[in-house]
Amino acid sequence: ACNDHKSHGGAHGRRHWILENKPLLADMSESNNNTKLGAGPCKRSLHHCSSSGMRYKLLHEGDIQVCVVKHPRTFLSKILTSKFLRRWEPHHLTLADSSLTSATPTGYMETSLPYSSIEDLQLLSWDNAPKYCVQLSFPGGTVLLQAANSYLRDQWFHSLQWKKKIYKYRKVLNNPSRWDVALKEIRALVDMALTSPLQDESIHQAPLHIISTLLAENSNLSPQDHENIIVAIAPLLENNHPPPDLCEFFCKHCRERPRSSVVIEVFTPVVQRILKHNMDFGKCPRLRLFTQEYILALNELNGGMEVVKKFIHSMHGPTGQCPHPRVLPNLVAVCLAAIYSCYEEFINSRDNSPSLKEIRNGCQQQNDRKPPMPLRLLRPEPPTPPPATILPEILVELERNNNSANTKRKGGPTRGDSEPNLIDCLLVSPAVNTLSIQLPAQADRVLGCFALILKMLSDYDDWRPALASLLQPIPFPKEELKYVIQRFAEDPRQEVHSCLLSVRSGKDGWFQLYSPGGVACDDDGELFASMVHILMGSCYKTKKFLLSLAENKLGPCMLLALRGNQTMVEILCLMLEYNIIENKDTQLQIISTLESTQVGLRMYEQLCDRQRELKELQRKGGPTRLTLPSKSTDADLARLLSSGSFGNLENLSLAFTNVTSACAEQLIKLPSLKQLNLWSTQFGDAGLRLLSEHLACLQVLNLCETPVTDAGLLALSSMKSLCSLNMNSTKLTADTYEDLKVIQSLSELSCTYCQ
């Protein structure tokens with residue numbers, strides 16, 4: 001540093017001017033205390049920020065008073081100590097990338113002031129006058145910026161200092177001649193960003209973009225240079241996503257050196273932050289590619305998938321509930337993009353169809369097409385690659401005719417107009433009857449890794465509902481995804497297993513794809529039977545579901561029943577009991593199927609016994625009103641109704657009894673029932689769903705103080721004869737209340753003391 005000491009006498013004592021010519025890599029974090037250089041009326045200080053704790057927002061523009069003093073440097077002290085400076089001009093200044101400019105280029109700011117011409121920045125203050133100034137020294141003069149208060153003055157000072165420094169670093173790192181020098185500059189740049197008192201997204205992003213551009217223009221770095229640069233910029237990545245070019249650099253490192261310590265030590269927190277905070281991979285697809293390459297690099301470690309499993313567990317957390325809502329959708333997006341990329345070359349080779357990446361990113365229109373991004377995951381093998389092989393676990397054969405293919409192709413955009421499923425993508429050439437997907441051999445590594453991650457995700461109970469919705473429906477790769485679908489089929493929650501069905505009419509869901517004869521069925525219908533079992537156990541539209549099975553899947557159901565599957569035997573019995581099948585020949589065929597197995601014959605005989613009891617119960621006669629004693633149970637009600645004929649029963653009170661939803665099986669056998677009182681019972685949603693399908697004549701229903709919720713109450717909207725409904729002290733919400741008000745026959749609706 002060059003110190004130019006000047007002394008001045010007078011009442012205020014001796015004053016020392018310290019002029020520093022700092023090197024570019026000088027530390028910005030100096031003491032924030034104003035170093036008193038003298039007792040004169042004007043004090044100039046070297047400003048540091050790290051000890052004060054004061055934070056400032058980076059200024060890009062603002063209003064300030066400007067005064068320019070042009071003079072030989074030897075006269076500076078005399079002018080600054082004068083009480084009467086030259087006139088001040090108001091200006092609206094913009095802190096551009098390379099210069100300080102005014103919105104009104106007149107007067108002092110007629111021309112822009114380049115940062116490169118600013119020799120020094122200082123803070124000035126007066127003892128006897130409330131003036132807060134920043135001094136900018138340039139060859140042949142000084143620019144004074146006067147702010148309204150000390151905080152604004154410091155904000156201008158730090159913002160100008162930041163702009164000046166970042167401009168110099170951008171020039172220095174534009175084309176470095178020596179990488180050892182460039183590495184020192186990068187470290188100093190990172191340190192400057194970390195110690196700056198400015199709070200703004202660009203404080204960390206600007207250095208990352210400078211380094212990103214540097215790396216993009218110098219692709220021939222040694223592996224050691226790679227690691228040194230990554231370690232140097234790691235602190236900036238703790239709270240910032242890497243820019244696109246930097247992601248490319250990271251992807252290259254993951255591919256070329258997957259066992260590098262940098263992958264675990266530096267990339268892990270970066271990827272964790274991406275998965276926790278990223279909101280849209282469509283806007284930053286290279287973040288997704290980097291995450292994919294990072295996971296594949298973990299798979300290359302000695303532990304392989306065990307390391308990946310530990311990483312997935314760390315993203316979920318040790319508790320039963322993941323605290324980060326974005327982790328699951330981001331992980332699923334990463335997995336699906338990786339799996340889709342394995343098929344992309346095959347898909348794009350057929351009929352000039354738009355690429356899967358274009359479809360995923362919403363570029364459906366031809367004029368919205370973007371240049372395809374280079375495929376990062378399926379890179380070419382070494383010079384003599386092995387021949388591509390057909391992977392048995394991802395071999396998909398589509399048996400179809402031209403008409404069905406055309407129908408599917410014209411059926412509208414796929415699921416939400418965003419995520420295509422593989423079947424939709426394959427249906428691009430109606431001239432081909434059977435398609436076999438032949439993928440590159442290296443796709444096995446990608447498919448195996450990311451399909452197993454989907455399998456891991458399905459093992460977390462709190463993630464399963466959202467995962468089922470996100471994956472609805474994806475029919476590949478069969479072996480790994482089949483485990484995931486099985487987990488959905490075993491889950492008792494309706495929001496999970498309802499995703500087994502198709503998204504909308506005309507589109508196949510897992511339920512259709514894995515049915516016997518379906519495109520993905522390879523287990524003789526075992527998974528299909530599991531789906532039917534769980535759906536029947538909770539489906540509140542039992543008749544509707546059975547009708548759908550009878551119309552679309554009666555053949556598979558009869559086939560499985562013929563093989564002794566108990567679930568399908570029960571399904572056929574229910575079809576007969578609820579009169580789902582109208583055709584007499586079909587009814588006889590179902591009966592023959594049931595009688596062909598021991599389990600079927602037994603259930604059919606039980607059905608016949610129930611039918612005889614039902615006919616006896618429904619004979620005209622018996623009371624019209626009936627009240628069960630308090631504390632009666634489901635068994636008591638069943639015993640009472642089996643004791644005689646109740647075909648005339650219109651009014652039944654079960655108030656203050658211990659009956660539950662199980663008694664609905666008895667209630668639906670009362671065809672004339674019009675009034676039902678369930679006040680203060682344990683009758684719940686499952687019972688309501690059954691009543692809504694079978695008691696078409698019900699007019700009055702009292703559900704006061706019962707555990708029913710919106711899920712069951714919504715089923716009542718299908719009861720067209722309901723006139724009076726009491727839902728006091730239930731868990732009814734405002735939205736469901738509005739839905740129930742649309743029942744045209746409903747004239748009395750009570751819902752006090754609800755949620």
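Two strands pair if DSSP finds at least two bridges between them. Strands (E, at least two residues) and helices (H or I, at least four) are DSSP runs, numbered from the N terminus. The model is predicted: local features need pLDDT of at least 70 and side-chain atom pairs count only at pLDDT 80 or more, while totals for chains, interfaces and linings use all residues. Residues are numbered from 1 along each chain as its sequence is written, and side-chain values use heavy atoms, with hydrogens and water left out.

**View 1. An open parallel sheet of 6 strands.**
The strand order is β11-β12-β13-β14-β15-β16, and the pairing is parallel. Strands β11 (625-627) and β16 (748-750) are the edges, each pairing on one side only. On average, neighbouring strands of this sheet are turned by 5 degrees against each other, direction ignored. Here axes are lines fitted to C-alpha atoms, for helices over the stretch in contact, and angles run from 0 to 180 degrees between N-to-C directions. Strand β15 (residues 724-726) joins β16 in the parallel sense over 3 bridges. Opposite L725 stands L749 of β16.

**View 2. Strand β4 (residues 89-95) and its antiparallel partners.**
Strand β3 (residues 61-70) and β4 run antiparallel, joined by 6 bridges. Across this pairing, I64 stands opposite H91, and V66 has E89 as its bridge partner. On the other pairing, 3 bridges join β4 to the antiparallel strand β5 (residues 99-102). β4 and β5 form a hairpin with 3 residues between them. Which residues of β4 make up its covered face? They are E89, H91, L93 and L95; the uncovered face holds P90, H92 and T94. Strand β3 also pairs with strand β9 (residues 141-147), antiparallel and over 6 bridges. In that pairing, G141 of β9 is the bridge partner of K70. Strands of a sheet pair through backbone hydrogen bonds, either parallel or antiparallel.

**View 3. F450 in the largest nonpolar core.**
A nonpolar core is a set of buried Ala, Val, Leu, Ile, Met, Phe, Trp, Tyr and Cys residues joined through side-chain atoms within 4.5 Å. Buried means under 20% relative accessible area, exposed over 50%, and partly exposed in between (1.4 Å probe, protein chains only). The largest core has 134 residues, of which F450 and L471 touch the most other members. Helix α10 (residues 327-348) gives the most to this core, with 12 residues. Leaving out residues up to four places away in sequence, F450 touches Q292, I295, L296, V334, C335, A338 and I339. Contact means heavy atoms within 4.5 Å. A second, separate core has 36 residues, including L626, L641, L667 and L678.

**View 4. Helix α15 (residues 443-457) and its buried residues.**
The 15 residues of α15 reach 21 Å from first C-alpha to last, close to the 21 Å expected at 1.5 Å a residue. The expected span is 1.5 Å times one less than the number of residues. Buried residues of α15 are A443, V446, L447, C449, F450, A451, I453, L454, M456 and L457.

**View 5. The start of helix α2 (residues 150-172).**
Helix α2 has 23 residues and spans 33 Å from its first C-alpha to its last, close to the 33 Å expected. At its start, a side-chain oxygen of N149 comes to within 3.2 Å of the backbone nitrogen of Y151. A polar contact is a pair of N or O atoms within 3.5 Å; within protein, one must be able to donate a hydrogen and the other to accept it, and residues adjacent in sequence count only if both atoms are side-chain atoms.

**View 6. S692 in helix α28 (residues 685-694).**
Is S692 buried or exposed? S692 is buried, at a relative accessible area of 9%. A polar atom of its side chain lies 2.7 Å from the backbone oxygen of R689. Beyond its neighbours within four places in sequence, S692 is in contact with A715, S718 and M719.

Most residues other than glycine have a negative phi. S680 sits in the loop between β13 (675-677) and α28, and is partly exposed at 26% relative accessibility. S729 lies in the loop between β15 and α30 (734-740). At 33% relative accessibility, S729 is also partly exposed.
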